[in-house]
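Student: I am new to this structure. Please take me through one part of it in detail.

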Amino acid sequence: MMDRLTNLEFYNTPEGSVMVKPVGQPAYELKETHRDIIDELLALVRDRYPKAHAALMELYSKSTMNRPYFEYRAVHRFVRCNFGGYDQNRIDIDHRGALQFEEVSCPLRGECRHEGVICRPELETRLTEREMEVFRLVAANLRTEDIAEELNISPRTVNRHRENIKAKTGTRSVAEMITYWHGNGMR
């Protein structure tokens, strides 16, 4: 299982497949069985782009009886709409786990009802209650393990919340998070 989505390039084939190219490794086709990427990316979309997540869930709702396929279709669509071309100079999910959306060629550009929702989605910048709790403890200089114990969650969940906080606040490190916390009078 992946700890984080990092250092990945996605691209679409003319046949409609999504290819995954980890930095320094060979490319492979995204399949329904690649649960590590599907689970991580779906959680990231849910946490950071809730409007896109809701639209994807509605769009593929007829497939919910086959949950792995349903989730695969949602991730496949999100990737196709936002990471279409192969670009060695600017990878789609960088070393920090930040998403770098691309302008994807689409015959429906300008008339698709999902543009600005699934395609080029809007980042949700409001922090959830749980993210605020994690942020408060990060700002108090607690370690991941201590935060996990304090909040009764796993260290992995703490890390996911921390990455979401960084994405939503535009910070890149714990030091920047702490500066942001104190500089914005957060409590």
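Tutor: Take helix α4, residues 129–139. Its buried residues are Glu131, Val134, Phe135, Leu137, Val138 and Ala139. Buried means under 20% relative accessible area, exposed over 50%, and partly exposed in between, with a 1.4 Å probe and protein chains only. Helices are DSSP runs of H or I of at least four residues, strands are E runs of at least two, and both are numbered from the N terminus.

A word on the source. This is a predicted model, in which local features need pLDDT of at least 70, side-chain atom pairs count only at pLDDT 80 or more, and totals for chains, interfaces and linings use all residues. Residues are numbered from 1 along each chain as its sequence is written, and side-chain values use heavy atoms, with hydrogens and water left out.

What do the buried residues of α4 pack against? They pack against α5 (144–151), α6 (155–169) and α7 (174–183). Contact here means heavy atoms within 4.5 Å.

Now leave the helix. Asn141 follows α4 and sits in the loop between α4 and α5. Its phi is positive, near 65°, in a residue other than glycine. Most residues other than glycine have a negative phi. Asn141 counts as exposed because its relative accessibility is 60%.

Go on to the loop between α5 and α6, the place of Asn152. Asn152 is not a glycine, yet it has a positive phi of about 60°. At 73% relative accessibility, Asn152 is exposed.

Last, the setting. The protein has 7 helices and 3 strands. Along the sequence they follow the pattern β-β-β-α-α-α-α-α-α-α. Of its 187 residues, 45% count as buried.
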